[in-house]
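Please walk me through this protein model.

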Amino acid sequence: MCQGDKNTDRMKDVSDRQSALPHTLQSRGYFSVLAVVLRTDNESPWTDEFDKIELSCLIESISTINPRIEWKKITNGGPSYVYFEKKISGDLENRAVIREPATLLITNATRLDTAKYRCEVSAADDHKSFDEIVIDLVVRVKPVVPKCSVPKSVPFGKPAELSCVEEEGFPKSQYQWFKNREEIPDDPKTSLKFFNSSYVLNAETGTLKFIAVRKEDAGEYFCRAKNDAGYSECQPQEMEVYDVNLVGILMGVLVVVIVLLCMTVGICCAYKRGYFSSQKQTGNNYKVPAKGDGVDYVRTEDEGDFRHKSSFVI
């Protein structure tokens with residue numbers, strides 16, 4: 001047999017083996033077993049609260065005509081069904097639909113929808129009969145108006161602390177402080193207007209701490225809480241810086257000391273002159289009443305106690 005006939009027989013044998021393998025395809029020079037294969041357009045989608053969001057679950061290959069499709073929400077408490085037996089259930093009931101073949105569309109997302117979601121497809125007639133993908137959804141929540149605390153007045157040279165708190169936003173809010181409508185920089189040395197100020201600004205906690213306030217630090221302050229979904233601001237509040245009058249304080253203390261000293265001297269003089277002395281009546285200075293005619297009195301053991309010795313005689 002010639003070499004050409006041998007090559008022809010070998011190619012025919014390979015072709016026969018290919019056709020004998022069930023559920024196989026020849027693609028790009030290699031063989032792929034038919035199986036259910038999933039993919040997604042976005043593994044980490046996000047949306048703002050009350051907007052819609054699509055969790056894509058695309059079936060790239062499958063031979064089963066009616067595969068079983070399920071969606072589960074995965075939280076710290078474990079997985080729970082949101083699509084089961086061709087029905088939306090659980091947290092997404094009345095707020096989601098399935099787009100063929102397996103994409104989940106949430107029509108009104110809330111902050112509680114932030115979680116991982118798993119798309120599962122079972123195909124009984126496929127050689128690889130199961131596949132799944134996990135999608136991490138984030139629902140962003142705009143911050144509410146923060147609670148701001150600004151001291152009304154602070155002595156010159158003393159420390160002061162301004163606070164700003166907001167707990168509704170998601171992701172967690174970052175904070176900015178403004179003075180007279182101008183943003184306060186994180187580092188005062190980067191701005192000519194705040195170069196001489198001494199403060200520490202914490203964008204994570206929302207605190208603005210002055211180490212020693214100056215007259216130039218007086219003004220209107222307000223805070224802004226922001227995240228990827230938006231921002232909110234509190235109303236401006238006035239902070240005054242006043243001088244401490246040391247001379248006035250010392251004069252006031254001196255006047256109080258003088259008044260107390262005068263009162264002490266006056267009381268001592270009054271005692272010496274007997275204005276506060278009092279005589280106490282005792283048994284030694286008790287005067288015996290005069291005897292009446294025909295009546296004798298006898299003194300008992302109790303000092304000052306008398307009784308009749310004889311009765312009146314007529």
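The paragraphs below go from the sheet to the salt bridges, the aromatic rings and a surface patch.

This is a predicted model, in which local features need pLDDT of at least 70 and side-chain atom pairs count only at pLDDT 80 or more, while totals for chains, interfaces and linings use all residues. Residues are numbered from 1 along each chain as its sequence is written, and side-chain values use heavy atoms, with hydrogens and water left out.

Start with the sheet. Six strands form an open sheet with mixed pairing, in the order S4-S13-S12-S7-S8-S9. Its edges are strand S4 (46–48) and strand S9 (87–88), each of which pairs on one side only. Strands here are DSSP E runs of at least two residues, helices are H or I runs of at least four, and both are numbered from the N terminus. Two strands pair if DSSP finds at least two bridges between them. Strand S12 (residues 115–122) and strand S13 (residues 130–140) are antiparallel, with 8 bridges. Within this pairing, Arg118 has Val134 in S13 as its bridge partner.

Now the charges. A salt bridge is a side-chain nitrogen of Lys or Arg within 4 Å of a carboxyl oxygen of Asp or Glu. The count is 18 salt bridges. One of them joins the side chains of Arg99 and Glu54, at 2.6 Å from N to O. Arg99 is in strand S10 (residues 96–99) and Glu54 in strand S5 (residues 53–55), so this pair ties together parts 45 residues apart in sequence. What is the exposure of Arg99? Arg99 is partly exposed, at 40% relative accessible area, and Glu54 is partly exposed too, at 36%. The cut-offs are under 20% for buried and over 50% for exposed, with partly exposed in between (1.4 Å probe, protein chains only).

Lys193 and Glu182 form another salt bridge, with their closest N and O atoms 2.9 Å apart. Lys193 lies in the loop between strand S18 (182–183) and strand S19 (199–202), and Glu182 lies in S18, so the bridge ties together parts 11 residues apart in sequence. Lys193 counts as exposed at 61% relative accessibility; Glu182 counts as partly exposed at 30%. Shared partners also join Lys72, Arg118, Glu120 and Glu132 into one salt-bridge network.

Turn to the rings. There are 4 aromatic pairs. Rings of Phe, Tyr and Trp (its six-membered ring) pair if their centres lie within 6.5 Å; planes under 30 degrees apart are stacked, over 60 edge-to-face, and the rest tilted. Tyr199 and Phe210 pair edge-to-face, at 5.9 Å centre to centre and 65° between the planes. Tyr199 is in strand S19 and Phe210 in strand S20 (residues 207–210), 11 residues apart. The rings of Phe210 and Tyr221 have centres 6.2 Å apart and planes at 80°, so this pair is edge-to-face as well. Tyr199 is buried at 6% relative accessibility, Phe210 at 4% and Tyr221 at 1%.

Tyr242, Val244, Ile249, Val253 and Val257 make a nonpolar patch of about 430 Å². Patch residues have over 30% relative accessible area and no salt bridge; like charges are joined within 9 Å, nonpolar side chains (Val, Leu, Ile, Met, Phe, Trp, Tyr) within 5 Å. Areas come from the Shrake-Rupley method with a 1.4 Å probe, and for residues only the protein chains shown count as cover. Helix H2 (residues 246–272) gives the most to the patch, with 3 residues. Val253 lies in H2 and is partly exposed, at 49% relative accessible area.
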